[in-house]
Amino acid sequence: MQRLRIKYQRGENLKFISHLDIIRLWQRTFYRAGVEPAYSEGFNPHPRMALASPLPVGYTSRAEFMDLYTSGALSPHYFEDLINRQLPEGIKILQSCVVPLEQDSLQALVRQAEYVVTVRTSMSLSECRQAVDDFMAKDSLVWQLQRQDKVKEYDLRAQVAELEVLALADDMLRLRMLLQCDSKGAGRPEQLTKALGISEFPLSVERIRLVLEA
């Protein structure tokens, strides 16, 4: 058995595809390409594959990771070429490598996620930068998130490692965010833009990097 770590990108064409649909897409692609995944044991065996951190619906990404266990050894370069020829437009493997079978799960290794967010705003560049500076100067910011009939309360400031204004042109503001993304919580860009008073609904969110524990 072999464990492949796969880095791939998801573009505009697939940004409204759910996590479960992405799993099914990969399974169908492996089947068409003739790649045999290893299967779990038990009464309901399923292909052994795991994504690092499910991408929220509506986001794009150039930094998704997946671990795939295969029943036999495959050259990473051969695997990439074989699978990319079967994938639909909007998703592509960027690189892959073999990792030890006994290594911790991919999800357990994720520490942070970096995003570039585009929002529409009537604020000036200096006002946007001041809002960012004021937020980063806070020791904490208690924030509430409504989920169905429950309200979750957490420290939004603690989830933000880095935050900066990249550009403002024609009322379109671009922000870079490095947010917590681990078992303790995952920062959401739309919550941060709302807390900054800039916009409640980003026009686009792209995940550009996942930081894994070395």
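**Talking through helices and burial**

Student: What covers the buried residues of H2?

Tutor: The cover on H2's buried residues includes strand E1 (2–10), helix H1 (19–33), strand E3 (60–70) and strand E4 (91–98). Keep in mind that we're looking at a predicted model.

Student: And which residues of helix H2 are buried?

Tutor: H2 runs over residues 76–84, and Phe79, Glu80, Leu82 and Ile83 are its buried ones.

Student: Strand E3 came up there. Why is Thr60 called buried?

Tutor: Thr60 lies in strand E3. The cut-off for buried is under 20% relative accessible area. Thr60 has 10% relative accessibility, so Thr60 counts as buried.

Student: What is Thr60 in contact with, leaving aside its neighbours within four places in sequence?

Tutor: Arg10, Gly11, Glu12, Lys15, Leu55, Val205, Glu206 and Arg207.

Student: Which residues of H4 are buried?

Tutor: Cys128, Ala131, Val132 and Phe135 are the buried ones in H4.

Student: What puts them on the same side of H4?

Tutor: Around the axis they cover an arc of only 95°, and therefore they sit on the same side of H4. The general rule is that an α-helix has 3.6 residues a turn, so residues three or four places apart point the same way.

Student: Which exposed residues does the face turned away from the buried side of H4 carry?

Tutor: That face has Ser126 and Ala137. For exposed, the cut-off is over 50% relative accessible area.

Student: What covers the buried residues of H4?

Tutor: Strand E8 (160–169), strand E9 (172–182) and helix H5 (189–195) are among what covers them.

Student: Zooming out, how many helices and strands are there in the protein?

Tutor: The protein has 5 helices and 11 strands. Its C-alpha trace spans about 55 × 35 × 35 Å along the principal axes, and 45% of the 214 residues count as buried.

Student: Among contacts between residues at least 6 apart in sequence, what percentage join residues at least 24 apart?

Tutor: That comes to 72%.

Student: How far apart are the mean positions of the positive and negative charges?

Tutor: With 27 positive and 28 negative charges, the mean positions are 3 Å apart.

Methods: Residues are numbered from 1 along each chain as its sequence is written. This is a predicted model: local features need pLDDT of at least 70, side-chain atom pairs count only at pLDDT 80 or more; totals for chains, interfaces and linings use all residues. Side-chain values use heavy atoms; hydrogens and water are left out. Buried means under 20% relative accessible area, exposed over 50%, partly exposed in between (1.4 Å probe, protein chains only). Helices (H or I, at least four residues) and strands (E, at least two) are DSSP runs, numbered from the N terminus. The arc is that of the directions from the helix axis to the C-beta atoms. Contact means heavy atoms within 4.5 Å. Lys and Arg count as positive and Asp and Glu as negative; His and the chain ends are not counted. The place of a charge is taken as NZ of Lys, CZ of Arg, CG of Asp or CD of Glu.
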